[in-house]
Amino acid sequence: MLNDLYQEVILDHSKRPRNNRELEGASRTAEGYNPLCGDKIKVFINYENGVVKDISFQGSGCAISTASASLMTETLKGKTKEQAEALIDRFHELLTKETKAGPELGKLAVFSGVREFPVRVKCATLCWHTFKAALEGAAEPVSTEKEME
Ligand code: ZN
């Protein structure tokens, strides 16, 4: 029952991704790539006075990566840098450790099932790494395989 609900949310967001567009006047952008799956993403942020005023993404990838980016943009809009960074850490924990999703993760809890599929974890976390890079003003594209090169 719960799993069906989770799948429904992921399917919905992968088929009709939210904030899937270029952001005009974005103050920060970053690109990310997951060579294991072929997921590519570009994240746009309008960052002002320590707050993510607006956020969007463009890319091509699997259902998990698209749904994750879609839900990420919904979640991070209006968040401060500190709140966003805390959510990145919590989301990463959710996908890599046996931890329960707290209310702060909201709909992102649907990704807890991805933990069972280690290859898919990178699909789900790619957009978050890319967001972080954009926030920090990184010049180099993000790759999930960087540490292995
Ligand atoms: Zn993928």
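These are my notebook entries on a predicted model, taken in the order I looked things up.

**Entry 1**

Cys-62 has a relative accessible area of 16%, and I count Cys-62 as buried because the cut-off is under 20%.

How many disulfides does a search of the whole structure find? The search returns zero. I looked at Cys-127 in particular, and Cys-127 is in no disulfide. The nearest cysteine sulfur belongs to Cys-123 and is 10 Å away, whereas a disulfide needs the two sulfur atoms within 2.5 Å. Cys-127 is also buried, with a relative accessible area of 1%.

Four of them make an open sheet in the order 3-2-1-4, and the pairing is mixed. At the edges I found strand 3 (51-60) and strand 4 (142-143), each of which pairs on one side only.

I followed strand 2 through its two pairings. Strand 1 (residues 28-34) runs antiparallel to strand 2, and seven bridges join them. Within this pairing, Tyr-33 has Lys-40 as its bridge partner in strand 2, and Glu-31 has Lys-42. On the other pairing, nine bridges join strand 2 to strand 3, again antiparallel. Here I noted Val-43, whose bridge partner in strand 3 is Phe-57.

I also checked how enclosed strand 2 is. Seven of its 10 residues are buried, so strand 2 is largely enclosed by the rest of the structure.

**Entry 2: the two hairpins**

I looked at the turns next. Strand 1 and strand 2 form a hairpin with four residues between them. In that turn, Gly-38 has a positive phi of about 95°. The hairpin of strand 2 and strand 3 has two residues between the strands. There, Asn-49 takes a positive phi near 50°.

**Entry 3: the largest pocket**

The largest pocket holds about 260 Å³, and 13 residues line it. Which of them lie nearest its centre? I wrote down Gln-7, Ile-10, Gly-113, Val-114 and Phe-117.

I then sorted the lining by element. Helix 1 (2-15) and helix 2 (63-76) each supply at least two residues. Helix 1 gives the most, with six residues. By residue class, I recorded eight nonpolar, four polar and one charged in the lining of the largest pocket.

Methods:
Residues numbered from 1 in each chain as written. Predicted model: local features only at pLDDT ≥ 70, side-chain atom pairs only at ≥ 80, totals over all residues. Heavy atoms only, no water. Buried < 20%, exposed > 50% of the residue type's maximum accessible area, 1.4 Å probe, protein only. 1 Å grid on protein atoms, 1.4 Å probe; cavity = no way out; pocket = protein on both sides within 12 Å on 5 of 7 lines; lining within 4 Å. Points joined across faces, edges and corners; volume = space filled by probe spheres on them. Nonpolar A, V, L, I, M, F, W, Y, C, P; charged D, E, K, R; others polar. Pairing = 2+ DSSP bridges.
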